[in-house]
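This report walks a new reader through a structure, from the pairing of strands to the meeting of chains. Please keep the sequence and the 3D view at hand while reading.

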Amino acid sequence: MIKNIPLAAAVGLFFTGLYFLVAIFAQWIAPYGMAEVVGGVWEPPSAKHWLGTDNIGRDLLTRMIYGGQTTIFIATMATVISFTTGSVLGFLAAVLGGWADQLLSRFVDLVMSIPSLILALVILSVMPVTVPILIVVMGLLDSTRVYRLARAVAVDIAVMDYVEAAKLRGEGRAWLIFREILPNALSPLVAEMGLRFIFMVLFISTLSFLGLGVQPPMADWGGIVKENKDGIVYGIGAALWPAVAIATLAISVNLVADWILNRTTSLKGGRG
Amino acid sequence: MSDQLVKVRDLKIGATVFPPNAKPHDIEIVHGVSFDLERGKVLGLIGESGAGKSTIGLSTMAYGRGGVRITGGEVWINGRDILQTKNADLRALRGGEVTYVSQSAAASFNPARPIVEQIVEAAVRHKKFSRSEAEKRAVELFRKLGLPEPETIGERYPHQVSGGQLQRCMTALALCPEPDLVVFDEPTTALDVTTQIDVLMAIKAAIRDTGVAALYITHDLAVVAQVSDDIMVLKLGDTVEYGSTDQIINNPQEDYTKALVSVRSIDHEEKQPTPDPLLRVENVTARYKGTKFDVLKDVNVELHPGQTLAVVGESGSGKSTLARVITGLLPQREGQITFDGRQLTPEQSARSREDLRELQMIYQMADVAMNPRQTVGTIIGRPLEFYFGVKGDEKRKKIIDLLDEIEMGKDFIDRYPAELSGGQKQRVCIARALAAKPKMIICDEVTSALDPLVADGILKLLLDLQKIENVAYLFITHDLATVKAIADSIAVMYQGQVVRYGSKSEVLAPPFDDYTDLLLSSVPEMRLGWLEDVVAHRKMESAGN
């Protein structure tokens with residue numbers, strides 16, 4: 001299996017792994033303390049500060065490492081919440097049908113009709129902005145998208161003869177959802193998961209940039225852009241580093257998701 | 001020779017396969033096939049799925065479908081080797097000199113445009129006719145093909161004509177640009193038997209009148225015998241036998257051809273009904289939710305233990321609906337169903353586990369009847385675990401016993417459905433039904449998606465299992481040859497009603513009602529001239545018109 005990894009997937013896997021490892025071991029890797037002021041304002045990159053310093057003289061590499069930890073942690077947790085809620089409710093709607101399906105689907109339509117960023121800003125402006133609240137709000141808002149996909153996929157699968165055969169056998173709903181539908185819905189969902197994770201990274205970065213996300217002095221990529229954006233006027237590129245980080249993470253996660261999609265669909269005999 | 005149209009020499013066709021958990025590699029699907037075709041003649045290509053017959057048919061347009069490549073040999077059409085010509089020449093060839101009729105007309109017509117527009121397109125594009133000439137020609141072809149209202153039927157959209165009519169429109173489409181060769185790729189396989197006759201007749205007449213040459217691809221030897229001059233029997237990309245139709249049908253040389261000719265020769269002794277029927281369907285009427293039309297009207301049938309009741313009819317006759325009512329997926333509106341002496345609740349969800357266990361079902365499409373993510377062992381093992389609580393080594397042993405019973409063996413236990421052939425898949429579905437130790441199995445068109453020889457194997461297996469397990473079958477089919485092979489009693493359904501019902505010998509003995517007569521006479525017979533005989537003696541128009 002390891003031998004057959006295509007190059008694109010290997011590159012994606014390498015960078016995704018790198019980002020996650022750095023995020024997990026941030027405390028040990030980071031050369032300085034997260035909020036420690038160690039030099040002058042916007043110092044250029046040097047042997048001491050590989051990426052230079054930020055708007056109040058903190059080591060930018062350290063900020064990036066801690067920022068990655070916060071961003072990836074929040075995005076991962078929010079993705080987990082959005083996936084479990086979204087897919088369980090989506091499958092349930094598909095299996096139950098009738099009024100339960102109508103009720104859930106129309107509620108989801110209602111939530112989706114309001115742009116999620118605006119809705120998130122409204123909710124967060126009346127709630128205390130802490131990390132758990134951020135995760136729950138982002139996760140639940142995004143679960144509407146997962147619900148739509150999961151329901152669409154499950155409705156297709158629920159009419160297959162093997163699901164009918166299981167129903168005729170007398171199987172309960174849990175078996176239908178977890179043993180008949182879920183394994184067959186997995187590949188589109190996994191591909192979607194990569195995409196949703198990246199949207200979460202962008203979502204939390206946007207919120208932080210607007211000041212309603214992660215609060216200082218905690219670092220996160222969107223926050224680093226916000227703190228250093230004024231430097232761009234003076235030709236200082238500090239704000240570009242988090243942008244590069246977000247872009248590379250997005251690309252590598254998608255390369256991995258693509259590969260997983262291809263691998264899992266080959267079980268059915270097709271190639272996606 | 002001047003009337004030589006097609007000359008194929010040592011044709012080799014290959015493709016790249018992508019097996020799970022292995023590197024993609026190249027395989028050869030056609031290994032050096034050669035044949036000739038003269039103008040105005042019909043060559044039948046016959047074989048099971050995977051024989052390469054469609055692939056060979058498409059190679060006369062120098063085309064390979066879905067990653068298939070022509071890797072060697074020569075295909076001469078009108079005196080030039082089309083494998084060596086440029087793309088511009090191929091464009092003139094495809095749709096101009098050589099045209100194609102596919103199996104599913106419904107999937108091949110653009111639903112958003114009227115039929116006639118699509119028919120004249122190729123002729124106009126190839127500058128064979130002007131638009132008005134082509135339209136005139138289309139009307140003429142409609143008339144030749146026996147379509148109703150030939151002047152105006154072209155203005156309809158594809159969904160406004162029946163399946164058999166659409167298939168004939170597709171033939172008109174292929175004939176419109178006055179091609180030299182038409183490739184018919186299973187043109188009647190998706191149709192009901194009674195409709196099949198009309199389409200066959202129309203195709204045969206059109207070929208005769210226009211003097212076009214044709215390649216006729218099918219898996220049904222009896223059908224191809226009616227239309228072709230020569231027949232080539234193919235198996236796994238090799239020529240098995242190639243000769244005149246008369247020789248292939250009446251004097252086959254190879255064992256494989258002999259097997260194809262004598263297919264469906266299973267003999268089944270009819271059993272006498274017992275005093276206590278296992279299943280009694282009384283005055284059942286049913287309709288689908290939200291409609292005001294009864295799909296089943298006052299149906300009464302009985303099934304005796306260890307016997308087979310065949311329910312016969314064409315698409316839309318309500319035979320599958322009857323199965324849905326018995327299983328409880330579609331509760332009946334009126335009437336009642338008694339099973340093994342007790343009354344069955346109409347709602348499936350309200351039935352006891354014992355009722356569910358004793359009444360199993362096998363589906364037409366085995367590949368969608370099995371979860372592609374479960375191994376054969378899981379698929380067969382689940383009913384054992386679910387109904388009998390069997391686990392671990394004991395379960396494994398029982399699964400292996402069942403695999404032996406369906407003549408497959410324990411090597412298959414860890415395979416996925418995608419790694420099985422069509423016949424093996426259906427066998428696994430039979431084993432899954434048997435695992436529940438049922439008293440009755442509903443078989444819904446279980447052999448109609450299979451090749452004739454494979455289908456024969458399945459029927460024999462079902463009959464053997466019936467002797468061992470004493471299980472009763474409710475056998476739903478549109479194929480009367482199957483019915484003759486397997487049934488003890490027969491119910492003929494037409495438009496939601498049982499029009500004829502009784503023991504096999506009663507139902508299949510004259511005097512017939514018109515519909516049963518039509519149905520019986522429409523089953524293709526393995527002899528020359530059958531088609532003409534049938535059409536001459538028909539009493540009733542088929543439902544497709």
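Two strands are said to pair if DSSP finds at least two bridges between them, where strands (E, at least two residues) and helices (H or I, at least four residues) are DSSP runs numbered from the N terminus. This is a predicted model, in which local features need pLDDT of at least 70 and side-chain atom pairs count only at pLDDT 80 or more, while totals for chains, interfaces and linings use all residues. Residues are numbered from 1 along each chain as its sequence is written, and chains are lettered from A and ligands numbered from 1 in the order in which they are written.

**Strands of chain B**

Chain B holds 21 helices and 20 strands. Four of its strands form an open sheet with antiparallel pairing, in the order 12-11-14-15. Strand 12 (296-303) and strand 15 (342-343) of chain B stand at the edges with a single partner strand each, so one side of each has no neighbour in the sheet. In strand 12 of chain B, B:V301 is the bridge partner of B:V281, and B:F339 in strand 14 of chain B stands opposite B:L279.

Elsewhere in chain B, B:V6 stands opposite B:I77 in strand 4, and B:W76 stands opposite B:D81 in strand 5. The hairpin of strand 4 and strand 5 of chain B has 2 residues between the strands, and B:N78 there takes a positive phi near 50°.

| Strand | Partner strand | Bridges |
|---|---|---|
| Strand 11 (residues 279-286) of chain B | Strand 14 (residues 334-339) of chain B | 5 bridges |
| Strand 11 of chain B | Strand 12 of chain B | 5 bridges |
| Strand 1 (residues 4-17) of chain B | Strand 4 (residues 68-77) of chain B | 8 bridges |
| Strand 4 of chain B | Strand 5 (residues 80-81) of chain B | 2 bridges |

**Chain B as a whole**

The C-alpha trace of chain B spans about 75 × 55 × 45 Å along its principal axes. The radius of gyration is taken over C-alpha atoms, and the globule rule is 2.2 Å times the number of residues to the power 0.38; for 545 residues a compact globule would have a value near 24 Å, with which the 25 Å of chain B agrees.

A residue is buried if 20 or more other C-beta atoms, placed from the backbone, lie within 10 Å of its own, and 46% of the 545 residues of chain B count as buried. In helix 20 (residues 514-521) of chain B, the buried residues are B:Y515, B:T516, B:L518, B:L519 and B:S521. These buried residues of helix 20 pack against several elements of chain B, among them helix 7 (193-210), strand 13 (308-312) and helix 21 (530-536).

**Where the chains meet**

Residues are in contact if their C-beta atoms, placed from the backbone, lie within 7 Å. By this rule, 19 residues of chain B are in contact with 15 residues of chain A. Helix 12 (353-358), helix 13 (366-369) and helix 14 (376-388) of chain B are the elements giving two or more residues to the side that touches chain A.

**A helix pair in chain A**

Helix 3 (residues 60-96) and helix 9 (residues 221-228) of chain A pack at an angle of about 135°, with axes 8 Å apart. In this contact, A:R63, A:M64, A:G67, A:G68 and A:T71 of helix 3 meet A:W221, A:G223 and A:I224 of helix 9.

Definitions and conventions
A residue is buried if 20 or more other C-beta atoms lie within 10 Å of its own, exposed if 12 or fewer, and partly exposed in between; C-beta atoms are placed from the backbone. Two residues are in contact if their C-beta atoms, placed from the backbone, lie within 7 Å. Axes are lines fitted to C-alpha atoms, for helices over the stretch in contact, and angles run from 0 to 180 degrees between N-to-C directions.
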